[in-house]
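Have the structure open while you read.

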Amino acid sequence: MKSSRTDTDATTQSSYRGQGQSDRAHKGDTSSPPRAKAMRRLRRRQRLSPLTRKILAVNLLALIIPVLGMLYLGPYRDRLVEQELFALKEQGEIFSGALGEGAIGLLANGQEVLNIVPARDLVRRLSEASDVRARFYLADGTLAVDSRRLGVTGQDIMVEELQDPIDDEQTLAPVVNPIVRWLDDLAHWVDNRDYDTYRDRRDSTVGDYPEAIRALSGETVGYVRQDANRELVLSVALPVARYVHVFGSLMLSRDGARIDSAMRDVRLTVLAVFAGALVITTLLSLYFAGTIARPLHRLAEAAEKVRHSVGRDAMAIPDLTGRHDEIGDLSGVLREMTDALTSRITAIERFAADVSHEIKNPLTSLKSAIETVQRVQNPDHQRELLRIVKEDVERLDRLITDISDSSRLDAELGRIQTEEVDISEMLDMLVSVHRTTRGGAHSSDEAEQDPGMQATTGPILSFTRQNNGPFIVAGMESRLVQVFQNIISNAESFSPNGGTITLSVLRDDRWVVAMCEDEGPGLPEGKLEAIFNRFYTERPEHEKFGGHSGLGLSICKQIVEAHGGAIHAENRTGSQGKPSGARFVVRLPAAS
């Protein structure tokens with residue numbers, strides 16, 4: 001047997017690759033700025049990537065929102081105010097009871113009168129033991145006693161509490177006070193409540209305080225105000241009575257220093273917790289972002305290298321599949337994609353080199369024949385040269401047609417639209433068409449074979465179903481027909497006259513298996529896989545050279561693999577262990 005399949009011409013490959021490198025070098029002037037820009041972008045992302053900034057922003061926002069909510073602390077302050085008012089009410093009941101028993105005297109005629117001097121002494125003595133300010137208004141509304149003023153009317157001496165000069169907390173004032181003021185301002189802005197303004201008049205009357213007026217009618221009333229410095233002032237007014245007779249109104253007041261101090265302590269605690277949580281959150285966010293941003297950055301750099309290496313640097317993509325997460329999956333997919341891209345580029349380069357080599361042979365022969373026919377005067381020789389020219393033109397036409405079909409097949413299979421195809425009916429149809437067009441085929445499903453059909457020339461086709469099926473696959477019917485037509489055509493080329501080509505189909509679990517067996521000389525040893533390579537030709541000796549392009553079986557393999565199947569060839573073994581023919585096996589996944 002003679003083979004027209006040769007190794008790729010080294011000169012052709014080197015010239016092709018040299019041209020590609022020259023083209024890339026020529027385009028380098030225009031692609032260099034985008035590449036430099038991309039590398040600058042990647043280096044900029046190394047400092048603090050946008051993804052890292054977004055993760056930090058989201059985590060810090062999630063941390064700040066509850067902190068701002070805790071700065072509000074409105075319900076907590078309301079409970080503190082209620083507790084303070086309740087404590088003032090209890091103190092006021094003690095004060096009122098003491099005044100009722102010690103400052104109200106009984107005259108000889110049985111009339112009850114209020115003694116101002118004992119009342120003043122009682123109020124002042126009781127106030128010394130607490131931090132409240134007590135004011136006693138008579139029934140006519142005048143101020144009788146004020147615990148913050150000493151002496152008689154017109155000679156008052158105001159009493160004010162001074163701050164402890166040796167308070168240890170004052171050493172931290174330069175640091176703490178600005179923070180406290182900022183927290184207070186922020187808290188007032190968040191919790192913007194409207195309170196009545198507290199005014200401390202020197203000659204106040206009961207009319208200045210609504211709660212004192214209501215106490216004269218026998219009620220116990222609490223009130224909350226705010227002074228000019230936005231500090232809370234709490235007051236409780238109670239009636240001073242003996243039995244049912246009300247002699248005046250006692251009003252106890254206290255500033256909200258303890259409430260503000262408790263609120264500040266809570267806010268400072270929250271701020272301290274926030275500071276610690278901020279540090280921890282920032283560190284964890286940077287770590288978390290690093291586990292995402294750094295691998296993505298590595299993948300981006302690797303993809304940039306692959307892009308500039310035109311897909312040839314498959315090892316540039318780092319293997320991160322050990323992470324067992326989405327980034328690991330992305331790494332694996334990118335590596336697979338790069339491997340597939342490398343294989344496709346290599347296949348395209350090899351295909352281009354093979355095409356140039358295969359076309360070069362008939363062109364060389366054609367050129368030689370045309371140059372010779374101009375110098376030959378013998379008509380017989382001229383006719384022979386013209387016959388060679390015609391055969392070379394036909395060979396070129398056949399090559400270009402098959403190459404075009406193979407190239408178009410890649411794009412068509414990439415957007416394959418499947419339909420249900422019955423392989424059994426397809427093979428039976430091919431056998432019927434062969435019998436009709438050539439008159440030399442028959443089906444084994446016929447009840448009786450006509451012996452007269454054996455006298456016809458050419459191989460005989462038969463078809464059998466080895467089990468019950470079903471034999472349905474999902475695919476493109478036209479391309480699957482092309483597969484079996486190429487296999488049958490190849491079997492016909494090697495089958496002797498009167499030989500039998502047997503087509504069969506069987507169902508093997510999830511696979512539909514179709515086989516084509518002939519009675520030819522079999523396949524060359526060591527070439528069972530090479531016969532599916534592009535431009536490989538291994539033809540019978542009696543067949544004219546150049547009658548086939550060597551793309552038929554390669555196209556078959558391409559179509560079958562695009563359908564998720566596999567195709568292979570093997571030799572049939574005769575009684576003496578010698579090849580008795582070839583067998584092509586096509587396995588396609590059965591339709592679910």
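## The five-stranded sheet

Five strands line up as β13-β15-β16-β19-β18 in an open sheet with mixed pairing. (Strands are DSSP runs of E, at least two residues long, and helices are runs of H or I, at least four, all numbered from the N terminus; two strands pair if DSSP finds at least two bridges between them.) At the edges sit β13 (460–465) and β18 (566–573), each with a single partner strand, so one side of each has no neighbour in the sheet. On average, neighbouring strands here are turned by 20° against each other, ignoring direction.

Take a look at β18 and β19 (residues 579–589): they run antiparallel and are joined by 8 bridges. Ile 567 stands opposite Val 586 in β19. Helix α11 (residues 477–494) lies across β13, β15 (500–508), β16 (511–517), β18 and β19, at about 175° to β19. (Contact means heavy atoms within 4.5 Å; axes are lines fitted to C-alpha atoms, for helices over the stretch in contact, with angles from 0 to 180 degrees between N-to-C directions.)

## About the model

This is a predicted model, where local features need pLDDT of at least 70 and side-chain atom pairs count only at pLDDT 80 or more, while totals for chains, interfaces and linings use all residues. Residues are numbered from 1 along each chain as its sequence is written, and side-chain values use heavy atoms, leaving out hydrogens and water.

## The six-stranded sheet

The other open sheet has 6 strands in the order β5-β4-β11-β10-β9-β8, again with mixed pairing. Its edge strands are β5 (143–146) and β8 (196–197), and each pairs on one side only.

Strands β9 (residues 221–226) and β10 (residues 232–242) run antiparallel, with 6 bridges between them. Gln 226 stands opposite Leu 232 in β10. Helix α3 (residues 74–102) lies across β4 (133–138), β9, β10 and β11 (245–255), at about 30° to β10.

## Helices α7 and α8

Helix α7 (residues 257–308) packs against helix α8 (residues 326–373) at an angle of about 5°, with the axes 11 Å apart. That makes α7 roughly parallel to α8 (under 35 degrees counts as roughly parallel). Among the residues that meet are Leu 296 and Leu 299 in α7, and Leu 330 and Leu 334 in α8.

As for α8 itself, its 48 residues should span 70 Å at 1.5 Å a residue, and its end C-alpha atoms are 69 Å apart, which agrees (the expected span is 1.5 Å times one less than the number of residues).

How values were computed
Angles under 35 degrees count as roughly parallel, over 145 as roughly antiparallel, 65 to 115 as roughly perpendicular and the rest as oblique.
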